[in-house]
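Good morning, colleagues. Please look at the sequence and the model first.

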Amino acid sequence: MEENVCMAPSSLRLGSYKSNPSGRSTPRSSPTFRRLNSTRNPGREARSYAGCIQWFRSNRLVCWLLLITLWAYLGFYLQSRWAHDHNKDEFLGFSGDPRNSLMDAEQKVRRDLLADDSLVAVNNGTNKTQVYSDRNFDVILAKKGNGVSSKKKRSKRARRNLRKIRGKSKATMNFENGDKKEEELEILLKNSTYGLLVGPFGSVEDRVLEWSPERWSGTCDRNGNFARLVWSRRLVLVFHELSMTGAPITMMELATELLSCGATVSAVVLSKKGGLMSELARRKIKVIEDRADLSFKTAMKADLVIAGSAVCASWIDQYIAHFPAGGSQIAWWIMENRREYFDRAKLVLDRVKMLIFLSELQSKQWLSWCQEENIKLRSRPALVPLAVNDELAFVAGIPCSLNTPSASPEKMLEKRQLLRNAVRKEMGLTDNDMLVMSLSSINAGKGQLLLLESAGLMIDQDRLQIDSEVKNTLDIRRDQSTLAVKHHLRGLLQKSTNVDTSSTGLGLSTSVNGTNAVSINSGHRRRKMLSDSKRTQEQVLKILIGSVGSKSNKIPYVKGILRFLSQHTKLSQSILWTPATTRVTSLYSAADVYVMNSQGIGETFGRVTVEAMAFGLPVLGTDAGGTKEIVEHNVVGLLHSTGHSGTRVLAENLRFLLKNPSARKQMGMEGRKMVERKYLKRHMYERFVEVISRCMGSK
């Protein structure tokens, strides 16, 4: 019975079964199965494959671009990891050796020690110790250990020493640097015996000129050869320090110009001594914190490395030791001219691509030293003098890239005169005052004390001349008429109006024959002449000295100047001081004469010299160095010899310009024309085109 119950399957249900996702079985011959699997026929699959091939053929360019983009991204990613990852062995997959971690820790400690070398040198306070400390750290950086245990011990010892150095020397450095600046400012603010502290006048510049250099980050001429040459290039600039002096400011302006022309710029700062770090940040100049491995990696990938001082010799030596082929990409812009700097740099002079000098005399001097030491340079040195930047030329009224229809050179000349009047008013000067200015770091090499001695000689000689003439007047025979005495004294007063002295007025009372009293102060006309003479004598000569508070100042030398002024109170009444600043257009506008009194072998070039000439100031300079090349005697200024022998000549030159305003004006005009011919920014970068072409043309 049960066997009869089993029925055969219907013919409609014949065929195999396949389970669907719900768990039910669907016959392959059923409509549902055919509907669900209708796309899986060979013809349709062939057509779909052919369509993909056809789409790829029609869009081959897009596909290749996608592949190239992915490949480039992968390459940049790997290169970035290699460049910025300190643990290369782990990145490459060879991190099994435990010595690698010890070596990395040791290198990190050595970099920290190298970064603190300036702190150690500050404690000693001498340049000689600075050189030795640099050499010691060079040895530490290049030294290699023999065993793991010794490295581990040195690493722990280095860490302990590093903590002590950071705790003590950093506090010492901050105290000494702050103490230097505050000591100068405090002395000048609290004791008027040494003169008057004025400035800075940045707010006055902004108000009068209605323009600020902070609004500009670069003035590149995109159509010029320099811009086309550096566009998309990678450059590394090496600063030896960040003081507000010629070399660091020039390197900062070069970096700004390169950035505005489309180059990628990185800065290596060997010593953060100075106040330009905030200015570098404002100009968006990237500063590499590490001066060792990271700076070497960045320089290796750069198209050109420009070192801006002979002091960069230690970094160049270490870089070439790290990367032997790196010397072929270094252009060394040497801005010093003393033998001590040559001795510091001579070991690597023949290993760089090119040397750059500022003046002919400097170039000849260094080449003669190279011959003495049998040093053969790799290429002919280049000559790139410094120049007046566009910001100063704009305010001086010289045509430049910053001029607009509303700020033409003629308009800027008018505003500069307004700026002059405003600044001189704040200084307490009158139209009769001749302001003599000297802007530089205060040290023996700049000769500020000799300048004051010259001014003192000038005042003393004039006072002696007046005293002798007055004595001759008093010795006139008693029988001489009173009228003759009056005429003689009147001529003496007229003559003395052109003589500078900071003494108070001369109050003379003379009796003739015991009865006829002749008093200079009697009579309205004579009183007026005496008051005019008194005002002229007290305010004709003023001397402005900067830069107070600069970290390049030598405190013992500053104290020597203050002692000299305390002994010459008459002279100190004519002295003005101004703090260190980069806003100098107001000072140049207010001045009448500029003094470049560099001693020894003279100034290497003297950037401030051409800046003063751009503002129409005659220059009184020493007959040495780059000043001799720039200042044509009796044309744009007057020259005198170095040392104490030149103080009397400088005093005579001061007296000549004091008595001859027309000569001051004529020399200033000639100096301005010379700047327009030779020392503008475009002239400097035209010379740089040749340098960069030679350096990057064949490495």
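This is a predicted model: local features need pLDDT of at least 70, side-chain atom pairs count only at pLDDT 80 or more; totals for chains, interfaces and linings use all residues.

Residues are numbered from 1 along each chain as its sequence is written, and side-chain values use heavy atoms, with hydrogens and water left out.

Let me start with the overall figures. The chain contains 30 helices and 18 strands; helices are DSSP runs of H or I with at least four residues, strands are runs of E with at least two, and both are numbered from the N terminus. Of its 699 residues, 46% count as buried, where buried means under 20% relative accessible area, exposed over 50%, and partly exposed in between, with a 1.4 Å probe and protein chains only. The accessible surface comes to about 36500 Å², and carbon and sulfur atoms contribute 54% of that surface; the areas come from the Shrake-Rupley method with a 1.4 Å probe, and for residues only the protein chains shown count as cover. Among contacts with a separation of 6 or more, 74% join residues 24 or more positions apart, a contact being heavy atoms within 4.5 Å.

I turn now to one of the sheets. It is an open sheet of seven strands in the order β3-β15-β14-β11-β16-β17-β18, with parallel pairing; two strands pair if DSSP finds at least two bridges between them. Strands β3 (196–197) and β18 (637–640) stand at its edges with a single partner strand each, so one side of each has no neighbour in the sheet. Within the sheet, β11 (residues 434–439) and β16 (residues 593–596) pair in the parallel sense over two bridges, and Met-437 stands opposite Tyr-594 in β16. Helix α28 (residues 647–659) packs on this sheet, touching β11, β16, β17 (619–622) and β18, and its direction makes about 165° with that of β18. For such angles, axes are lines fitted to C-alpha atoms, for helices over the stretch in contact, and the angles run from 0 to 180 degrees between N-to-C directions.

The other sheet is also open. Its seven strands follow the order β6-β5-β4-β7-β8-β9-β10, with parallel pairing. Here β6 (286–288) and β10 (382–383) are the edge strands, each with a single partner strand, so one side of each is left without a neighbour in the sheet. Strand β9 (residues 354–357) pairs with β10 in the parallel sense over two bridges, and Phe-357 stands opposite Leu-383 in β10. Helix α15 (residues 313–322) packs on the sheet and touches β4 (234–239), β5 (264–269), β7 (304–307) and β8 (330–333), its direction making about 170° with that of β8. Helix α30 (residues 681–697) lies across β7, β8, β9 and β10 and runs at about 170° to β9.

Next, the aromatic rings. How many aromatic pairs does the structure hold? There are 15, where rings of Phe, Tyr and Trp (its six-membered ring) pair if their centres lie within 6.5 Å, with planes under 30 degrees apart counting as stacked, over 60 as edge-to-face and the rest as tilted. The rings of Tyr-588 and Tyr-594 have centres 6.4 Å apart and planes at 45°, so this pair is tilted. Tyr-588 is buried, with a relative accessible area of 1%, and Tyr-594 is buried with a value of 1%. Phe-226, Trp-333, Tyr-685 and Phe-688 form one aromatic cluster.

Finally, the salt bridges. A search of the whole structure finds 24, each being a side-chain nitrogen of Lys or Arg within 4 Å of a carboxyl oxygen of Asp or Glu. Glu-205 forms one with Arg-583, the closest N and O atoms being 3.3 Å apart. Glu-205 lies in helix α10 (residues 202–209) and Arg-583 in the loop between β15 (575–579) and α25 (585–590), 378 residues apart. Are these residues buried or exposed? Glu-205 is buried at 3% relative accessible area, and Arg-583 counts as buried at 15%.

Arg-338 and Glu-340 form another salt bridge, with closest N and O atoms 3.5 Å apart. Arg-338 is partly exposed at 40%, and Glu-340 is partly exposed at 47%.
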